[in-house]
Amino acid sequence: MDFFAKIAWIIPLVPLISFLVLMTLGRGFRKAGVWIGSIGALGAFVLSLLVLTERLKPHAVDYSYNFSWISIGEYSLRIGFEITNLTALMLVVVTLVGLLVNIYSAGYMASDERITVFYSYVSLFTFSMLGLVLSDNLLSFYLFWELVGVCSFLLVGFWYARPAARAAAKKAFIVTRIGDAGLLLAILVLFWNMPGHALDFTMIESVFGGQGGVITSGITTLIALLLFLGAVGKSGQFPLHVWLPDAMEGPTPISALIHAATMVAAGVFLIARTFPIFEASPAAMETVAYVGAFTAIFAAVIALAQNDLKRILAYSTISQLGYMMLALGLGAMTGAIFHLFTHAFFKALLFLAAGSVIHAVHTGDIREMGGIGSRMRITAWTFAIGALALAGIPPLSGFWSKDAILTAALTQNPLLFTVGLLTGFCTALYMTRLFVLVFLGKSGSAAAHAKESPRVMTIPLIMLAVFAAVAGFVDLPWSGWLSTWLSDEVITPHASIVVIVLSIAAGVLGIGTGWLLYGRGKTTSRSIANWMPGLVKVAERKFYIDELYEILFVKSLRVVGICLAAIDTYIIGGVVKLTGAAASAAGRLGLRLQNGQVQTYGVAAVLGVVAIALVVIGRRMLS
Amino acid sequence: MLSSYLTLAAILFCIGLYGTLAKRNAIIVLLSLELMLNAVNLNLIAFSKYGAIPSLTGQLFSIFTITVAAAEAAIAVAILIALFRARGTVLVDAFNRMRR
Amino acid sequence: MFNVNITGEYVVFFIFATIIIGGAVLMISLEKVVHMVISMAAAFLGLAGMYVLLDAEFVAFVQVLIYAGAVSILMIFGIMMTKHNGEAAEPVKPLHETLAVIGALCLFGLLFYAIRASDFQSTAAFHPGEDNTLAIGELLFTGYIVPFELLSILLTVAFIGAIALAKKEAE
């Protein structure tokens with residue numbers, strides 16, 4: 001019955017094996033490396049798909065298997081894997097995007113010297129991400145959580161010869177570390193407070209969902225907020241969002257896979273997995289909702305003023321992740337997962353299409369592009385589909401998932417609903433600006449020689465475009481199939497005409513405004529800068545967040561560091577050096593004696609004999 | 001009379017000791033060593049005549065000592081020549097390493 | 001303590017002692033190595049005379065043969081084979097030299113103190129025998145035959161060893 005669920009543990013092992021094989025190959029075997037990586041991804045995808053089809057049967061039972069990993073006295077730490085509807089869905093999303101990115105990279109990275117290394121990193125990432133999804137307890141979850149962080153670090157810094165890539169990799173690693181510390185603390189607090197020190201999700205659900213009052217509300221809120229801190233770091237939420245735009249220094253397929261579709265969604269996934277804890281703490285829920293909403297509108301405004309193609313998409317990702325957080329905070333867990341699901345497709349599509357453009361024009365600056373649409377038709381069309389899906393135009397997928405979130409917002413918190421609508425408007429506006437500046441209008445300076453990318457890159461684009469277009473139909477406002485499947489509850493259809501109308505209006509209005517402002521090359525961003533100089537400047541500088549952090553943390557920490565370094569150098573180091581100097585001085589003294597000159601030894605011996613004789617005689621004379 | 005001989009031997013011994021310890025030329029060091037051995041011989045023979053139990057044994061001992069000293073001198077000069085070939089000098093402060 | 005009556009032995013002792021100490025001091029203080037060896041030979045000869053004074057004619061004879069003859073010649077050979085400039089090198093280690101002098105003087109002081117403090121009382125007269133050489137020879141081949149044979153082995157070993165060491169190494 002649940003055969004494939006039972007062997008689900010094989011799924012992460014497939015990319016792990018291809019990672020190990022690729023690592024042994026080193027830099028050679030460029031063609032074979034591509035095949036090994038892609039076949040690993042394909043194997044994982046096929047298995048995940050089989051698991052999913054099994055789950056689609058009505059009343060499929062959650063399957064979990066664990067074994068004792070560490071036994072300390074009475075306590076035994078168990079790890080294992082768990083297949084639920086949520087994990088099955090995530091498995092398919094991760095492996096599908098991973099597979100398409102693998103295929104796409106064969107074209108995008110073809111001329112790179114270290115393509116085999118690239119594929120090995122991607123395989124390692126796929127393994128870690130799948131392990132994270134399958135984990136049945138927070139501890140192994142945390143393990144894989146760190147592993148995907150490492151992969152992200154490796155891949156952002158893949159072109160380590162560039163200083164910007166190195167800096168971005170370090171920034172990504174250090175900033176997410178703040179969040180990881182939160183997650184670790186959350187796990188520790190949970191460990192001490194859970195009955196039997198259990199850390200598996202099933203126990204968490206029964207303890208927090210049961211309203212048994214096992215854990216006090218204060219502790220619950222603390223745990224929830226710490227977990228949320230972890231999610232904030234990983235999912236690039238305000239105020240830890242600063243690493244994600246810089247992470248775009250990595251290769252574009254990586255931006256699509258890690259920094260759009262999968263890893264950054266891990267934060268959302270974490271909250272979805274531990275959702276009972278959040279549900280038990282209204283304060284934490286509100287925090288999640290407000291932080292998410294603020295991030296959504298904040299990042300969308302920044303995206304309006306950026307000029308780098310991938311950075312705009314990165315801010316868009318932050319904004320959409322904020323949307324998911326908003327949904328989680330409102331209790332619409334299924335809505336958040338639904339948006340994660342659709343967003344994975346259309347944002348991966350947008351990134352891959354952007355990569356196709358960058359591959360053709362060798363720059364990321366949208367001001368130097370323009371008129372590429374006529375030269376790269378497939379890229380332009382698929383990008384358009386992704387952009388429309390993101391902007392929330394029916395019947396593309398983004399509309400339906402946003403609709404689910406906005407409906408939840410309208411019923412609970414009109415303020416958040418307004419913010420969501422505004423974000424939708426901004427999203428449509430910046431996507432229009434992006435599309436117009438890149439694909440339409442006069443030929444830009446860099447766009448003159450643009451050619452359509454090879455088929456190995458365009459086919460993944462087309463496939464993703466299909467998914468981006470139709471993925472929304474799994475959960476229509478009036479049927480709610482996905483929500484029912486995910487939550488195992490019958491969810492009353494929540495169709496709301498008001499939401500649908502307003503949502504479409506926001507999208508269309510955004511596109512219209514964008515067209516008016518940027519269409520036909522009439523206005524450039526400069527003229528808007530004249531229009532409202534302050535706001536554009538501030539948005540262009542990303543609200544000075546990086547500068548603020550520079551002053552607040554980097555500079556002040558550096559001052560502390562300098563003081564500590566001075567103490568280290570002059571006090572501790574001085575003591576150490578003194579010890580060393582004393583030892584070497586004693587050594588030099590000994591060396592003077594041990595100089596190999598027999599005569600020196602002879603003099604010493606004679607003096608010694610004389611001294612001993614004098615002592616003996618002196619004693620005899622005294623006594 | 002005995003103490004005069006002993007004092008003479010002590011003077012000889014100390015001159016030999018000084019030469020052994022302070023001279024840099026290996027040949028002179030060897031000569032100083034011989035001087036010290038001679039001082040011992042003088043002691044032995046003086047004791048054989050003026051000692052508590054006068055006997056010929058002292059003279060016999062000094063013959064043994066002379067023999068051993070002769071062998072020692074021969075070996076020492078041979079070693080010195082070998083060292084001179086290796087190092088090109090006979091100054092003792094150059095002989096402070098086991099290898100070249 | 002020093003109330004010695006001047007006898008013939010004392011005069012001869014004094015003369016020989018002067019020769020010996022003079023030879024030794026010259027050996028230490030001369031500049032040229034060959035001169036040092038010659039002054040040393042003088043000291044050896046003085047010692048031989050001293051042995052005659054001490055009724056040890058055979059030892060005196062051996063002393064002349066081996067020390068004044070063989071060892072001195074050996075040393076001169078050594079000097080010649082090691083290509084000296086004929087001069088002793090200048091002392092470069094004043095501290096070392098000073099310490100050596102202090103050590104030697106202190107030792108002499110100790111020995112002198114010990115000699116002065118001791119009381120050597122002879123209980124019997126010394127009988128060197130009718131023929132000193134015969135007496136020594138008899139003693140050597142009766143009571144001390146084993147050490148004598150051992151010494152012969154030692155001399156052989158030293159002889160071979162010296163040849164082996166000084167021989168030019170095969171190229």
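Reply: Let us begin with salt bridges, where a side-chain nitrogen of Lys or Arg lies within 4 Å of a carboxyl oxygen of Asp or Glu; between chain B and chain C the count is one salt bridge. This is a predicted model, in which local features need pLDDT of at least 70 and side-chain atom pairs count only at pLDDT 80 or more, while totals for chains, interfaces and linings use all residues. Residues are numbered from 1 along each chain as its sequence is written, chains are lettered from A and ligands numbered from 1 in the order in which they are written, and side-chain values use heavy atoms, with hydrogens and water left out.

Me: Which side chains meet in the salt bridge of chain B and chain C?

Reply: They are those of Lys49(B) and Asp55(C), at 3.2 Å from N to O. A search of the whole structure finds seven salt bridges over all chains, including one in which Arg273(A) pairs with Glu82(A), the closest N and O atoms being 3.1 Å apart. Helices (H or I, at least four residues) and strands (E, at least two) are DSSP runs, numbered from the N terminus, and this pair links distant parts of the chain, with Arg273(A) in helix α12 (residues 266-273) and Glu82(A) in strand β2 (residues 75-83), 191 residues apart.

Me: How many residues of chain B and chain C are in contact, and what area is buried between them?

Reply: Contact means heavy atoms within 4.5 Å, and by that rule 70 residues of chain B touch 79 residues of chain C. Buried area is the accessible area (1.4 Å probe) that two parts lose on being put together, summed over both; here it is about 6700 Å², of which carbon and sulfur atoms give 80%. A polar contact is a pair of N or O atoms within 3.5 Å, where within protein one must be able to donate a hydrogen and the other to accept it, and residues adjacent in sequence count only if both atoms are side-chain atoms; ten residue pairs across this interface qualify, both residues being at pLDDT 80 or more. On the side of chain B that touches chain C, α3(B) gives the most, with 23 residues.

Me: What are the corresponding values for chain B and chain A?

Reply: Chain B and chain A bury about 610 Å² between them, 53% of it on carbon and sulfur atoms, and the contact takes ten residues from chain B and seven residues from chain A.

Me: How do α2(C) and α3(C) run relative to each other, roughly parallel or roughly antiparallel?

Reply: Axes are lines fitted to C-alpha atoms, for helices over the stretch in contact, and angles run from 0 to 180 degrees between N-to-C directions; angles under 35 degrees count as roughly parallel, over 145 as roughly antiparallel, 65 to 115 as roughly perpendicular and the rest as oblique. The axes of α2 (residues 33-53) and α3 (residues 57-81) of chain C come within 8 Å and cross at roughly 170°, so α2(C) and α3(C) are roughly antiparallel.
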